[in-house]
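Subject: Structure handover

Hello,

Please find the structure below. My notes on it follow.

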Amino acid sequence: MGAFKETKLPANAPAAEKALAWVDDRFPASKLWNDQWGQYRAPKNFNVWYLFGSLAALVLVLQIVTGIFLTMHYKPDAALAFGSVEYIMREVPWGWLVRYMHSTGASAFFIVVYLHMARGLMYGSYRKPRELVWLFGFGIFLCLMAEAFFGYLLPWGQMSYWGAQVIVNLFGAIPVIGADLSLWIRGDYVVSDATLNRFFAFHVIALPLVIIGLVVAHLTALHEVGSNNPDGIEVNDHIGPDGYPLDAIPSHPYYTFKDLFGVSVFLLLFSAVVFFAPEMGGYFLEYNNFLPADSMKTPSHIAPTWYFTPFYSVLRATTADFMYVLMAAVAAYVVFIWFKSRLAFVTKAIIAAIGLVLIIGMLPQVLDAKFWGVVLFGSSVMIIAGLPWLDHSPARSLRYRPDWHKWVYAVFALVFVTLGYLGTQLPTAAFTLISQVCTLAYFGFFLLMPWWSTMGAFKPVPTRVTFTPH
Amino acid sequence: MTLLVKKLIAILALAPGLAFAAEGTFPLDRAPDRGDLASLQNGAKLFVNHCLNCHSATSMRYNRLRDLGLSDDQIRQNLLFSADKVGDMMTTAMRPKDAAAWFGAVPPDLSVIARAKASPAGTGADYLYTYLRTFYQDETRPTGWNNMVVPNVAMPHAMWLQQGIRTAKFTDQPDPHEAGKTVHTFAGFEQVSPGTMSQQDFNTATADLVAYMVWMAEPAQATRKRLGAFVLLFLTIFAFLAWRLSESYWKEVK
């Protein structure tokens, strides 16, 4: 830390330049801008999949701004909440627009985040040295799910109420402390005014604060290690005479304006929903949620909002009969690790012991299927965090992996969408069977990745990025 | 006939789950499109005359009806029954406690009912249009009325004077899937006494009422769509300009 030095500019320099110099002497404004965006070098071969990061940031801002205006008129009170939402829709000038932007924004957030994560999966964006970028991003995803869950209670409709009741009751499946834990979360014996007030606090301040912090960490980590690209190669390996990577360009103006174009197309689609189909056929705003919450009337069909349904399907697939299949799967996985992995004997022994404990725990006399359903539900989300350590493929990008890997990813995407669809439907025997097959496929994709990701004939990876000038 | 109905009622009373499952099984008629101002005004008149006696629409302000081309004076003179001022909400004079005692259930608030009743079986309008036209006389019910869409509904037929009194015919046929069992199926209505309206006029009046309830469920709907067209037009131009602007920079990248 040197002595303070005032930047000397000629007397006739523009006022804005002088003002910026004054600020820069006291705060690293220009430095932050240049490090994080202006002079941040990004690979020049980004494709359309690389728009979803900036779109997620845009939706976050939209949600915060519309959320602030909604908070000015919304009443977090079990007796007033439902009416206050209708008050916003009718009496508050432009209230209907703000509310529809917020409700559509919630679904839009998950759409762009799922696509953003799919991009990471396709091009191996989580691989070393970007593990922390992935983990911070995963943290954002977790907080986003919590944020959506808490926010969904606020309109205090039937689906808000019973959805919250079902999810909070999941904690009741935890042995010994479960019942007390769900009581502690609700603050009452049923979802009530106390629950509404605490969910409001989490939704409007606690989680947004954490999300913003994680977004800063996600971007800082990314700009520290540099962006991946569709070829999955490091642009930093080829530095030009100017000291910058040959295949990278400054984010500003190139990605500023490319992202602006992406934003304009996104807003076009977003506005089409907001203005012409805000309910989106009952997926973005569920019909049942136009009935005020009633603790005496349980709806015949309670389904979470669409963005939770893939994981919810895993929960519902875990029936008592399915436990025997799971026990066999655990045993098979332990045997597979024993013969196929090059882990130390002690590690293998520990894994076998864990497997044995799991199998014993899965016996109906020990812990019931409901508990394991909750465990699998949680695991289906948490396992995504493990990707940087599960993927052992020699090529980061799907482009240079064996062609059959593309089919594996396609089947995984189909399994995820199928689980999502089944989660919105009433369970039938056939649907339950399909969701069980999909559950096994879902976990198989991740747990067997250390092996299948190394198999097959890999294509030669280029040393420089693939780019066609516009 | 009555014996059969009684049998059905007994079965339904014994199995509340069955009664619940029965809801939604009656096929919904498609509500005619009655979105013009005259229909909506007629619907508003029917709504305040026939629905607001028992139901409320507490999110709906009387003078929001100005959006339907009515003046404050017209609203005050023709439609203001349950409140004193045109700026008041559409509340009901009936106390919830009394309602529960008289009907066995508190009549639900109707502000957004047209949105709540949408389902894969049809729009909220289809549901209301079918529900309001399928009341029939049933002496086994406390109110003397039953309904095809919501079996054993607590609500009596509010517009029976207009539709007249009808009964429902049911037939029992052998169950093709199980020998010795019969299937109880609806076989049409029978008009017992005529109403003040022809069946045709009653259908139109109900369609107007439903159109009003759809409007009331989201009064901003027309504004939303009108504005939406301009927003999409603007964004299309903006997207085109943003694309050209982006391309003009990307030309330099070799």
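Leaving aside its neighbours within four places in sequence, which residues is Gly282(A) in contact with? They are Tyr287(A) and Ala118(B), where two residues count as in contact if their C-beta atoms, placed from the backbone, lie within 7 Å. Gly282(A) sits in the loop between α10 (251-276) and α11 of chain A; helices (H or I, at least four residues) and strands (E, at least two) are DSSP runs, numbered from the N terminus. Gly282(A) is partly exposed, with 17 other C-beta atoms within 10 Å. For burial, a residue is buried if 20 or more other C-beta atoms lie within 10 Å of its own, exposed if 12 or fewer, and partly exposed in between, with C-beta atoms placed from the backbone. Between the C-alpha atoms of Gly282(A) and Trp306(A), 24 residues apart along the chain, the separation is 9.8 Å.

Some conventions. This is a predicted model, in which local features need pLDDT of at least 70 and side-chain atom pairs count only at pLDDT 80 or more, while totals for chains, interfaces and linings use all residues. Residues are numbered from 1 along each chain as its sequence is written, and chains are lettered from A and ligands numbered from 1 in the order in which they are written.

Confidence

The model has an ipTM of 0.92 and a pTM of 0.93. For chain B the average pLDDT (the predictor's confidence in each residue, from 0 to 100) is 89, and 91% of the residues score at least 70. Residues 1-22 of chain B have pLDDT below 50, and this stretch has 17 contacts in the model beyond near neighbours in sequence.

Interface

Contacts between the chains involve 30 residues of chain A and 31 residues of chain B. On the side of chain A that touches chain B, α4 (81-90) and α10 each supply at least two residues. The largest share of that side, 14 residues, is from α10(A). By class, the side of chain A that touches chain B consists of 19 nonpolar, seven polar and four charged residues. Here Ala, Val, Leu, Ile, Met, Phe, Trp, Tyr, Cys and Pro count as nonpolar, Asp, Glu, Lys and Arg as charged, and the others, Gly among them, as polar.

Cores

A nonpolar core is a set of buried Ala, Val, Leu, Ile, Met, Phe, Trp, Tyr and Cys residues joined through C-beta atoms within 7 Å. The largest one has 95 residues, and those with the most contacts inside it are Leu55(A), Ala56(A), Val59(A), Phe109(A), Val112(A) and Val314(A). Helix α6 (residues 131-153) of chain A provides the largest share of this core, twelve residues. Another core, of 44 residues, lies apart from it, and includes Tyr62(B), Val112(B), Leu128(B) and Leu132(B). Leaving aside neighbours within four places in sequence, Leu55(A) is in contact with Val112(A), Gly262(A), Val263(A) and Phe266(A).

Helix α14

Helix α14 (residues 369-382) of chain A has 14 residues and reaches 19 Å from its first C-alpha to its last, close to the 20 Å expected at 1.5 Å a residue; the expected span is 1.5 Å times one less than the number of residues. Buried in α14(A) are Trp372(A), Gly373(A), Leu376(A), Phe377(A) and Ser380(A). They are on the same side of α14(A) because they cover an arc of only 145 degrees around the axis, the arc being that of the directions from the helix axis to the C-beta atoms. Their cover includes α11 (309-317), α12 (322-340), α13 (345-362) and α17 (429-447) of chain A.

Backbone geometry

Most residues other than glycine have a negative phi, and most peptide bonds are trans. Two bonds to check are cis: Lys128(A) to Pro129(A), with omega about 10 degrees, and His252(A) to Pro253(A), with omega near 10 degrees. Pro129(A) is in the loop between α5 (95-123) and α6 of chain A, whereas Pro253(A) lies in helix α10 of chain A.

Trp94(A), not a glycine, has a positive phi of about 65 degrees. Trp94(A) is in the loop between α4 and α5 of chain A and is partly exposed, with 13 other C-beta atoms within 10 Å. Met280(A), also not a glycine, has a positive phi of about 50 degrees, and is found in the loop between α10 and α11 of chain A.

Regards
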